[in-house]
Amino acid sequence: QVHLVESGGGLVQAGGSLRLSCVASVSIFSINTMGWYRQAPGKLRELVATITSGSTNYADSVKGRFTISRDSAENTVYLQMNSLKPEDTAVYYCNANARANFTTNVFNFWGQGTQVTVSS
């Protein structure tokens, strides 16, 4: 199993910064990709950023403002969010794409989410 726990959300003024963390507890799985998604009220969940073996991918809306990083030894992924805007307000979810050891079966795991609110 892969258990994900996010932290670091909160309330910040526009232009401010927050850093989200996600710690993965892993058993009999190997994590391939970790990432962050977000869901605003009334909207679908959307990709924010992903990281795989050092290669990163960002949504256009956050490029240049957000930075994803990963400590593989600690199974932790971070999202540094700078120059926050009110439209960044959402619940942010950590995601891990992981393969069950000794198989080719791949699964997606999600954290419980952490609220980020940006006031104008």
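Colleague: In which strand of this model is methionine 34 found?
Modeller: The model is a predicted one. Read in that model, methionine 34 is found in strand β4.

Colleague: Is methionine 34 buried or exposed?
Modeller: Residues under 20% relative accessible area are classed as buried. Methionine 34 has 0% relative accessibility, and therefore counts as buried.

Colleague: How far apart in space are methionine 34 and cysteine 94, C-alpha to C-alpha?
Modeller: Leaving aside neighbours within four places in sequence, methionine 34 is in contact with several residues, including Leu4, Ile51, Val77 and Cys94. Methionine 34 and cysteine 94 are 60 residues apart in sequence. In space, C-alpha to C-alpha, the separation is 7.4 Å.

Colleague: Which residue in β10 stands opposite arginine 99?
Modeller: β9 pairs with strand β10 (residues 106-110) in the antiparallel sense, over five bridges. Between β9 and β10 lie five residues, and the two strands form a hairpin. In β10, the residue opposite arginine 99 is valine 106.

Colleague: Which residue in the turn of the hairpin formed by β9 and β10 has a positive phi?
Modeller: The turn belongs to the five residues between β9 and β10. A phi of about 70 degrees is found there at phenylalanine 102.

Colleague: Is isoleucine 28 buried or exposed?
Modeller: The place of isoleucine 28 is in the loop between β3 and β4. Its phi is near 60 degrees, a positive value in a residue other than glycine. The cut-off for exposed is over 50%. Isoleucine 28 has 61% relative accessibility, so it counts as exposed.

Colleague: What is the relative accessible area of serine 83?
Modeller: Serine 83 lies in the loop between β8 and β9. The phi of serine 83 is also positive, near 50 degrees, in a residue other than glycine. Serine 83 is partly exposed, and its relative accessible area is 41%.

Colleague: Which residue supplies the backbone oxygen that the side chain of threonine 76 reaches?
Modeller: Threonine 76 lies in strand β8 and is buried, with a relative accessible area of 6%. Apart from neighbours within four places in sequence, its contacts are Cys22, Val23, Ser69, Arg70 and Asp71. At 3.0 Å, its side chain reaches the backbone oxygen of glutamate 74.

Colleague: How many strands are there in the protein chain?
Modeller: Along the sequence, the chain follows the pattern β-β-β-β-β-β-β-β-β-β-β. There are zero helices, and the number of strands is eleven.

Colleague: What is the radius of gyration of the protein chain?
Modeller: The C-alpha atoms fill a box of roughly 50 × 25 × 20 Å along the principal axes. For 120 residues, a compact globule would have a radius of gyration near 14 Å. The chain agrees with that expectation, having a radius of gyration of 14 Å.

Colleague: What share of the 120 residues in the protein chain is buried?
Modeller: The accessible surface of the chain comes to about 6300 Å², and 49% of this belongs to carbon and sulfur atoms. Of the 120 residues, the buried share is 42%.

Methods: Residues are numbered from 1 along each chain as its sequence is written. This is a predicted model: local features need pLDDT of at least 70, side-chain atom pairs count only at pLDDT 80 or more; totals for chains, interfaces and linings use all residues. Side-chain values use heavy atoms; hydrogens and water are left out. Two strands pair if DSSP finds at least two bridges between them. Helices (H or I, at least four residues) and strands (E, at least two) are DSSP runs, numbered from the N terminus. Buried means under 20% relative accessible area, exposed over 50%, partly exposed in between (1.4 Å probe, protein chains only). A polar contact is a pair of N or O atoms within 3.5 Å; within protein, one must be able to donate a hydrogen and the other to accept it, and residues adjacent in sequence count only if both atoms are side-chain atoms. Contact means heavy atoms within 4.5 Å. The radius of gyration is taken over C-alpha atoms; the globule rule is 2.2 Å times the number of residues to the power 0.38. Accessible areas come from the Shrake-Rupley method with a 1.4 Å probe; for residues, only the protein chains shown count as cover.
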